[in-house]
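This report walks through one protein chain, part by part. Please keep the sequence and the model in view while reading.

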Amino acid sequence: MSETSLSSGIGTTDTTAQSQSADARSNRTSLLAGVLLALFLAAADSTVVGSLLPTMANQLGQADLYPWLISAFLLTSVLVTPLAGFAADRYGGRTTMLAALLAFAATSAAVAAATTMPLLIAARAAQGIGAGAVAALTYVVIGQAFGPDERARMQAMLSAVWGLAAVAGPALGTAAEATVGWRWVFLINLPLAALAAFLVRRVPPAQAQSSRTISPGALLSFALALAGALLLLEAPALDFPVLVVIALAVVTTVGIVGHVVQVRRKPQAAVVPVAFATSGEPRTAALLTIGAAAVLYASVTLLPLALASHGTVGDTASGLFVMAGALGWVVGSAVCAGLLKRFGARGTALIGGLLLTAGPCVLVLGGSESLVLAVIGEALAGLGTGFVATTGLVHIQNTSPVQWIGAYTAGVTLCRNIGAALGINLIATVQLIAADQRTGTDTAGGSYQAAFVALAVVGLLTLTGAFRLPKRG
């Protein structure tokens, strides 16, 4: 072979390699843009309804049912999370994400078309399935597409989208209500979901990594256990009768026992992999995620009530605390992404645990009386959540079996949602019990202070648990 032909062959090979590399970068950019847009839509729809509730109730009637507009959405979005992870492992992340976006768009149209409150609640419950699947699959798809060294940076970007949605959702709802009407908040999801699907569809489908199946019995028992437990947590807010509470407790118990029996008979049929719940490091990271979510969501819920009980601020200040917590979460995730490789999982989780403990402690010292201390305490809680949540998710993705990365990632997302529900309801219970036991002029303030002390204990437990993570890896 002549030097000329050899040189020509090498040049052609280099050009082909460069072209393939450019295509790969373009595909990943397209994928990232698509999943970020999809996550924003799902996250914003979980917060936008709060500002639309009065108008919806006035137009559709049956205002006493309005709490279900939020609860139904949250319930189905949590229930679908582990199933989305299983489907991503079985059928591929891209294919499952496209199906989830289709479901989200269709149910958004159903929400916009609802003419009665029961129909609106049913449509919101269906929309929660699509939104929950989209949110969970975002983390799964990113985990499948990016390597261990890039995942922390990608998770920081996803956290930024959550923070943006938490702030923008209510503002967009208010703006739409004042101009084009609340139904357009959901109709706009159709073209935007189509755009997200187009961007995701450009990426070549990845090969499915898992062939495991979930038996109908395991699926049904898991759904009963999780749905019953979540409804029990919501029982005080939804004012369930005693008989309904007892029935939910029975359903939850039957679901748990049934799922344990199914999993013992066939371990691979578990909705959430058995190793996720029993192995030391994944279990620790999951528990830390629950603690972080409990502190952040409970403090955001309690702070406006605590300040209002002292007459410190009006009801409109609640958005300020949501913003402080959300921005803290975004900043914490971004900083954690830069430190995770240097300090390891234990180091960044310890930093997060310290911040999660410090935030409620600041609130105990005067968060009920001082707006400045309230914002500082909430920002610290958000920073801690950013550190702990990012550490837990990235560590689990980097150490999970390749064929189960979807199920493990969905398991972490499920833990975060459970932590939010658990924190809000249990801390509210602590506050109510403390209010009943106290007498005098400072009854309300003292009860909120007791709740903040309980959150500080949760933060301290998270800090202690961080020592169980490895120093490196």
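The buried residues of helix H4 are Gly93, Thr96, Met97, Ala100, Leu101, Phe104, Ala105, Thr107, Ser108, Val111 and Ala112. Here, buried stands for under 20% relative accessible area, exposed for over 50%, and partly exposed for values in between, with a 1.4 Å probe and protein chains only. Helices (H or I, at least four residues) and strands (E, at least two) are DSSP runs, numbered from the N terminus. The model is a predicted one, in which local features need pLDDT of at least 70 and side-chain atom pairs count only at pLDDT 80 or more, while totals for chains, interfaces and linings use all residues. Residues are numbered from 1 along each chain as its sequence is written, and side-chain values use heavy atoms, leaving out hydrogens and water.

Helix H4 spans residues 93-113, which is 21 residues, and reaches 30 Å from its first C-alpha to its last. That is close to the 30 Å expected at 1.5 Å a residue, where the expected span is 1.5 Å times one less than the number of residues. Ala113 also belongs to H4, but Ala113 is exposed because its relative accessible area is 53%.

The chain as a whole has 16 helices and zero strands. Of its 473 residues, 50% are buried. Contact means heavy atoms within 4.5 Å. Among contacts with a separation of 6 or more, 85% join residues 24 or more positions apart.

A nonpolar core is a set of buried Ala, Val, Leu, Ile, Met, Phe, Trp, Tyr and Cys residues joined through side-chain atoms within 4.5 Å. The largest such core has 67 residues, and Val35, Met97, Leu101, Val134 and Phe276 touch the most other members. Apart from this core lies another, of 20 residues, including Val48, Leu53, Met56 and Ala176. Leaving out residues up to four places away in sequence, Val35 touches Met97, Thr138, Val141, Ile142 and Val200.

On the surface, Val242, Leu243, Ile246, Val250 and Val254 form a nonpolar patch with about 510 Å² of accessible area together. Patches consist of residues with over 30% relative accessible area and no salt bridge, joining like charges within 9 Å and nonpolar side chains (Val, Leu, Ile, Met, Phe, Trp, Tyr) within 5 Å. A salt bridge is a side-chain nitrogen of Lys or Arg within 4 Å of a carboxyl oxygen of Asp or Glu. Leu243 sits in helix H10, residues 242-265, and counts as exposed because its relative accessible area is 70%.

Some pairs are separated along the chain as follows.

| Pair | Apart in sequence | C-alpha to C-alpha |
|---|---|---|
| Trp404 and Asp89 | 315 residues | 6.2 Å |
| Leu233 and Gly423 | 190 residues | 9.7 Å |
| Ala113 and Leu187 | 74 residues | 9.1 Å |
| Leu339 and Thr391 | 52 residues | 10.0 Å |

Trp404 is in the loop between helix H14 (371-399) and helix H15 (405-437), and is partly exposed at 23% relative accessible area. Leu233, in helix H9 (residues 216-238), counts as buried at 18% relative accessibility. Beyond its neighbours within four places in sequence, Leu233 is in contact with Ala421, Leu422 and Asn425.

How values were computed. Accessible areas come from the Shrake-Rupley method with a 1.4 Å probe; for residues, only the protein chains shown count as cover.
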